[in-house]
Structures are given as structure tokens and as C-alpha cells.
Amino acid sequence: MKQLKRYYTIKADPKDVYNALTNQKMLEIWTGETALMSLEPNSDFSLWGGSISGKNIEFEPNKKIVQHWYFGEEEDSVVTIKLHEHKKGTSVELHQTNIPEEAFDNISEGWDEDYFGALNELFI
């Protein structure tokens, strides 16, 4: 199992980035796919029409999101997203653990292009 740590800068306030990551309607707008999202800890979520699914673990409004992502029979992958104020908007710190070796390259590219690449376009 591998882990990934990345940093991104989004040209929006942390509250707007947090809303885009946690509000079901906003998720559907910037991903272009159906989503299921709730701010309740221990609630299920899914993104990109079910391509990504898991459980919401912790929310700290405008600052932090912790989720378990599912990869079949493997141990859950833990995704932690931290938001920090930045002179250009929001600095995003991403940390993901327990990534299956065979999925690492695809997941890494997905974060850069599909997830935070698409989110950044929302705020252009």
C-alpha cells in the first residue's frame, strides 16, 4: 500500500472551496456527474456517479475533511484534505493513505486533473 501527499492552490476563499467539496449540488456542478454527500460524520458518500465511494469521517468547517475511500476488499484508504488561507486564495493539503499499488498512478493523476484540476476551473 502506498500514500500520497500533494499541495494545490485554489483561487477562492477556504469557505468557498470547502462548500464546493462538501455541498452535493456544488459537487455535481464541477464534476458534471451525480454525487451523494452529507455533512454528517459516518455518512456514506459517492462522487462521479459512484466511481468513488466511501464514508465521511470528520468535518471541520472551512478547514478539514476526512473520508474513508473504498477499494473493494482492501483496507480503506484515508483521505484528509486541509484548507489554509493563502494570499492567492486557498492552499489545499491532501494526504491519502492505503492506496493499492496497482491504483496509485491512476489515483495520483486523478487528484491532479479530475479532482483539483476541475475544482480549480470552477473558480476561474
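Let's start with helix H2, residues 24-31, whose buried residues are Leu 27, Trp 30 and Thr 31; buried here means under 20% relative accessible area, exposed over 50%, and partly exposed in between, with a 1.4 Å probe and protein chains only. Looking down the axis of H2, these buried residues fall within an arc of 95°, so they line one face of the helix. That arc is taken from the directions from the helix axis to the C-beta atoms. Lys 25 and Ile 29, on the other side of H2, are exposed.

And what covers that buried face? The cover includes helix H1 (14-22), strand E2 (44-47) and helix H3 (104-122), with contact meaning heavy atoms within 4.5 Å.

A quick word on the source, friends. This is a predicted model, where local features need pLDDT of at least 70, side-chain atom pairs count only at pLDDT 80 or more, and totals for chains, interfaces and linings use all residues. Residues are numbered from 1 along each chain as its sequence is written, and side-chain values use heavy atoms, leaving out hydrogens and water.

Now let's zoom out. The protein chain has three helices and six strands, in the order β-α-α-β-β-β-β-β-α; these are DSSP runs, helices being H or I with at least four residues and strands E with at least two, numbered from the N terminus.

Of its 124 residues, 44% count as buried. Residues 24 or more positions apart account for 46% of the contacts with a separation of 6 or more. Finally, the C-alpha trace spans about 40 × 25 × 25 Å along its principal axes.
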